[in-house]
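Dear colleague,

I am passing on to you the structure that I have been going through, together with its sequence. Please open it first, and then read the notes below alongside it.

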Amino acid sequence: MNKRVAFFTPYFHSNRGNATTTKRIVHGLREAGMDVYVVPYLEERWSEEKDEQLKNCDLYHILHIYRFAKWNMCRELPLDKPFILTNGGTDINYDLANPAQVAEMDEMIHNAAAITVFTEDGKNKVQSLFPEKILKVIPQSVWFEDGVNDLSISLPEDRPIIFLPAGIRAIKDPLFVWNEIKELKKQFNNLQFIIAGIVIERELFHEIEKLCRQYDWVHFLEDVPFNQMKYLYRQADITINTSVTEGQSSSVIEAMYNLSPVLVRKNEGNLSTVTHGETGLVFTDPTNFYNMAFELLTNQKLAETLARNGKQYVLEHHSLEKEINQYLELYNQFI
């Protein structure tokens with residue numbers, strides 16, 4: 001009889017990073033023969049049926065520690081099975097830095113069978129607060145559903161395209177290099193700037209909306225179906241990441257996998273996947289960004305080399321099979 005895991009995630013149905021992570025891991029686990037019951041705890045109302053389903057589970061896997069802890073303060077779901085916690089970006093870089101929020105997570109973390117993180121930096125941050133816990137680094141991988149539905153998106157025919165895949169919220173800082181992109185437009189008359197993501201912080205979105213109305217070469221694509229994202233990566237001349245912090249960016253790994261040269265802001269999450277000058281370029285400030293973007297757009301050989309190296313790196317270090325095997329090994333320690 002197959003063992004059964006309940007996978008708790010804040011988001012599964014909406015087009016957010018946690019949902020992408022969950023769908024990938026759940027797909028991989030099921031392909032490996034694991035019976036997985038998905039619980040999108042911020043998207044679905046609780047029910048007696050869910051209580052019954054959990055009784056048949058052997059282990060709980062919980063994504064995003066702080067969100068789950070806050071949700072469970074009201075629900076008071078008994079964590080009566082061995083459970084594993086997975087930290088992402090926000091809970092590592094912000095929630096663990098806030099003593100009040102750490103206090104809200106403290107009991108759950110102490111009772112966890114193990115904690116997984118995406119990077120060594122994440123491991124160090126958790127270990128500094130909870131040195132006694134079993135901690136395992138399991139990097140994210142890449143997975144796209146087979147086949148592409150009829151495209152519901154259309155792209156401008158002009159090139160080059162600078163592409164920013166990001167949810168619209170302050171931590172992603174989507175307009176950090178806006179002035180530099182405007183300057184690049186003066187050098188590349190046909191340049192197009194495309195942002196794709198979901199609107200999380202409405203006030204910030206209004207700023208992007210204004211730019212789209214003011215400049216016909218600035219485009220916002222809202223809530224692009226995930227299975228169509230690879231089309232965008234493949235059309236992009238440069239994929240950028242402007243986040244203040246990252247746990248480990250799925251979009252950067254996805255872009256590399258789809259042979260798009262990446263230009264990313266320096267933070268620990270981005271440095272865990274991009275080696276400057278080898279698998280992509282890393283900028284530290286807006287001027288730095290301008291110079292590197294100009295170089296990528298004028299040096300085809302460099303762009304092709306980085307794209308090729310980036311894909312090879314992802315194939316070697318971020319395969320779905322490797323990621324899932326590490327989770328299965330961890331599960332088997334506690335089931």
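This is a predicted model: local features need pLDDT of at least 70, side-chain atom pairs count only at pLDDT 80 or more; totals for chains, interfaces and linings use all residues.

Residues are numbered from 1 along each chain as its sequence is written, and side-chain values use heavy atoms, with hydrogens and water left out.

**The sheet with S1 and S2**

Helices (H or I, at least four residues) and strands (E, at least two) are DSSP runs, numbered from the N terminus. An open sheet is built from 6 strands in the order S2-S1-S3-S4-S5-S6, and its pairing is parallel; two strands are said to pair if DSSP finds at least two bridges between them. The edge strands, each of which pairs on one side only, are S2 and strand S6 (135-137). From one strand to the next, the twist averages 20 degrees. Within this sheet, S1 and S2 run parallel and are joined by 6 bridges, and phenylalanine 8 has valine 39 in S2 as its bridge partner.

**Salt bridges**

The structure holds 9 salt bridges, a salt bridge being a side-chain nitrogen of Lys or Arg within 4 Å of a carboxyl oxygen of Asp or Glu. One of them joins arginine 4 to aspartate 35, with the closest N and O atoms 3.2 Å apart. This pair links distant parts of the chain, since arginine 4 is in strand S1 (residues 4-9) and aspartate 35 is in strand S2 (residues 35-40), 31 residues apart. To describe the surroundings of such residues, buried means under 20% relative accessible area, exposed means over 50%, and partly exposed lies in between (1.4 Å probe, protein chains only). Arginine 4 counts as buried because its relative accessibility is 14%, whereas aspartate 35, at 32%, is partly exposed.

Another salt bridge is formed by the side chains of glutamate 52 and lysine 55, at 2.9 Å from N to O. Both residues lie in helix H2 (residues 48-55), 3 residues apart, which is about one turn of the helix. Glutamate 52 is partly exposed, with a relative accessible area of 44%, while lysine 55 is exposed, with 57%.

A further salt bridge brings together the side chains of lysine 172 and glutamate 246 (3.0 Å, N to O). Lysine 172 lies in the loop between strand S7 (161-165) and helix H7 (178-187), and glutamate 246 lies in the loop between strand S10 (238-241) and helix H10 (250-257), so the pair ties together parts that are 74 residues apart in sequence. Both lysine 172 and glutamate 246 are buried.

**Strand S10 and its partners**

In S10, Ile238 and Ile240 point one way, Thr239 and Asn241 point the other way, and all are buried. S10 pairs with S7 in the parallel sense over 2 bridges, and phenylalanine 163 stands opposite threonine 239 in S10. S10 also runs parallel to strand S11 (residues 262-265), to which 3 bridges join it, and the bridge partner of asparagine 241 in S11 is valine 264.

**Helix H1**

Where does threonine 21 lie? Threonine 21 is in helix H1 (residues 17-31), and it counts as buried because its relative accessibility is 5%. Leaving aside neighbours within four places in sequence, threonine 21 is in contact (heavy atoms within 4.5 Å) with Leu63, Phe118, Gln140 and Ser250. Threonine 20 is also placed in helix H1 and is buried, with a relative accessible area of 13%; not counting residues up to four places away in sequence, threonine 20 touches Phe226 and Glu254. Other residues of H1 are buried as well, among them Asn18, Ala19, Ile25 and Leu29. After H1 comes glycine 33, whose phi is positive, near 95 degrees.

Terms used: Axes are lines fitted to C-alpha atoms, for helices over the stretch in contact, and angles run from 0 to 180 degrees between N-to-C directions.
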